[in-house]
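I opened the notebook with the model on screen.

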Amino acid sequence: MLLGVNIDHIAVLREARKINDPNPVDALGICKLSGADQITIHLREDRRHIHDNDAKIICKQSALPVNLECSINNDIVDIVCKMKPSRVTLVPENREEVTTEGGLDVKSNFEKLQNVITKLHENEIEVSLFIDPNEEVIELSAHLNVEWIELHTGSFANIYAMLNSNLNNSHHIIKELELPRDELKKKLKKSISEIKKASKYANKQKLKVAAGHGLNYQNVTLISSIKYIDELNIGQSIIARSVFTGLEKAIIDMKELI
Ligand SMILES: CC(=O)[C@@H](O)[C@H](O)COP(=O)(O)O
Ligand SMILES: NCC(=O)COP(=O)(O)O
């Protein structure tokens, strides 16, 4: 199974101080040497972490393929076409969100997606759609002739964290998941089975399958054991661990687990 390391979170730290350190570009060599298979970055419309210049340099200098996440807004798509990443993952964006909250609404945006995907393919860029694990959405994605889909694992990760970590005793408790343990266990089982079913269905549709969001050292094997998933994109937990162990060890440890 392939590992894409999302290095946005290095830029999050830089932007907290509004200086030039730490620089996500400095992670490229370490990711390659530690066995990562891909660099993932998200050029958000609000440029809250990765900026255009980071993305430009990363696409130019990375020895690993670059998976650039962006919204379906035409201006941003035109910008990323010029950067020539190996892959663009189209994701939904919402100004107020702390992080990507759900998958793309493929049905409502079908025509817009057709145009954006054509433009990306004309620029010889592979396309992936960041979607919820749902068969109807996968079927629509297959009709859009994309090479990849990425299944949003955020909801699985939230349930797992409320069940198995101290998140429910912290100020970041997820209110809507403040439920009896039995109920959370059922929800977790359902969520894993949806991801399994969706990945199998996507594989049958000849789509390559990635998954990601909220995956960490505790929950990752529940997802990496699903045989229809080809690749995981993981950022927050790897960069968080690297504060204590260094990036190289954080990546090697994750690679070993998956
Ligand atoms: C789409 C997605 O899942 C990623 O981009 C990732 O979560 C890191 O980016 P943000 O922290 O900006 O959501
Ligand atoms: N698309 C998911 C991703 O790139 C990484 O998400 P996270 O591990 O930072 O939550």
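**Helix H7**

I started with H7 and listed its buried residues: Ser 155, Phe 156, Ala 157, Ile 159, Tyr 160, Ala 161 and Met 162. I then looked up what covers them, and H8 is part of that cover.

**Confidence**

I noted that this is a predicted model. I checked the scores before going on. The protein averages a pLDDT of 97. I found that 100% of the residues score at least 70. The model scores ipTM 0.93 and pTM 0.96.

**The core**

I looked up the largest nonpolar core and got 67 residues. Val 5, Ile 41, Leu 68, Leu 90 and Ile 149 have the most contacts inside it. Which helix gives the largest share of this core? I found that H7, residues 154-164, does, with six residues.

Leaving out residues up to four places away in sequence, I listed what Val 5 touches: Cys 31, Ala 36, Ile 39, Thr 40, Ile 234, Gly 235, Ile 238 and Ile 251.

**Helix H11**

Ile 251 took me to helix H11, residues 247-257, where Ile 251 is buried along with Leu 247, Ala 250 and Met 254. Why do the buried residues of H11 line one face of the helix? Seen down the axis of H11, they fall within an arc of 95°, so one face holds them. I recalled the general rule: an α-helix has 3.6 residues a turn, so residues three or four places apart point the same way. I then asked what the buried residues of H11 pack against. The partners are strand E1 (2-6), H2, E8 and H10.

**Ligand 1**

I listed the residues around ligand 1: Asn 6, Asp 8, His 42, Arg 44, Glu 69, Val 91, Thr 99, Thr 100, Phe 130, His 213 and Gly 235. I sorted this shell by type and got two nonpolar, six polar and three charged residues.

**Ligand 2**

I moved on to ligand 2. Around it I found Asn 6, Thr 40, Glu 150, Gly 212, His 213, Gly 214, Leu 215, Asn 233, Ile 234, Gly 235, Gln 236 and Ser 237. Which elements give two or more residues to the shell around ligand 2? They are strand E8 (231-234) and helix H10 (236-245). This shell divides into two nonpolar, nine polar and one charged residue.

I then went through the exceptions.

The peptide bond from Asp 21 to Pro 22 is cis, with omega near 0°. Pro 22 lies in the loop between helix H1 (8-17) and H2.

Arg 47 is not a glycine, yet I read a positive phi of about 50° there. I placed Arg 47 in the loop between strand E2 (38-42) and helix H3 (52-61). Arg 47 is partly exposed, because 13 other C-beta atoms lie within 10 Å.

Lys 206 also has a positive phi, near 65°. It sits in the loop between helix H8 (181-204) and strand E7 (208-212). Is Lys 206 buried or exposed? I counted 8 C-beta neighbours inside 10 Å, so Lys 206 is exposed.

**Two distances**

I looked up Ile 19, in the loop between H1 and H2. Ile 19 is exposed, because it has 9 other C-beta atoms within 10 Å.

Last, I took Gly 29, in helix H2 (residues 27-33). Gly 29 counts as partly exposed, because it has 14 C-beta neighbours inside 10 Å. Gly 29 and Ala 63 are 34 residues apart along the chain, and their C-alpha atoms are separated by 7.9 Å.

How values were computed. Residues are numbered from 1 along each chain as its sequence is written. Chains are lettered from A and ligands numbered from 1 in the order in which they are written. This is a predicted model: local features need pLDDT of at least 70, side-chain atom pairs count only at pLDDT 80 or more; totals for chains, interfaces and linings use all residues. A residue is near a molecule or strand if its C-beta atom, placed from the backbone, lies within 6 Å of it. Helices (H or I, at least four residues) and strands (E, at least two) are DSSP runs, numbered from the N terminus. Ala, Val, Leu, Ile, Met, Phe, Trp, Tyr, Cys and Pro count as nonpolar, Asp, Glu, Lys and Arg as charged, and the others, Gly among them, as polar. A residue is buried if 20 or more other C-beta atoms lie within 10 Å of its own, exposed if 12 or fewer, and partly exposed in between; C-beta atoms are placed from the backbone. pLDDT is the predictor's confidence in each residue, from 0 to 100. The arc is that of the directions from the helix axis to the C-beta atoms. Two residues are in contact if their C-beta atoms, placed from the backbone, lie within 7 Å. A nonpolar core is a set of buried Ala, Val, Leu, Ile, Met, Phe, Trp, Tyr and Cys residues joined through C-beta atoms within 7 Å.
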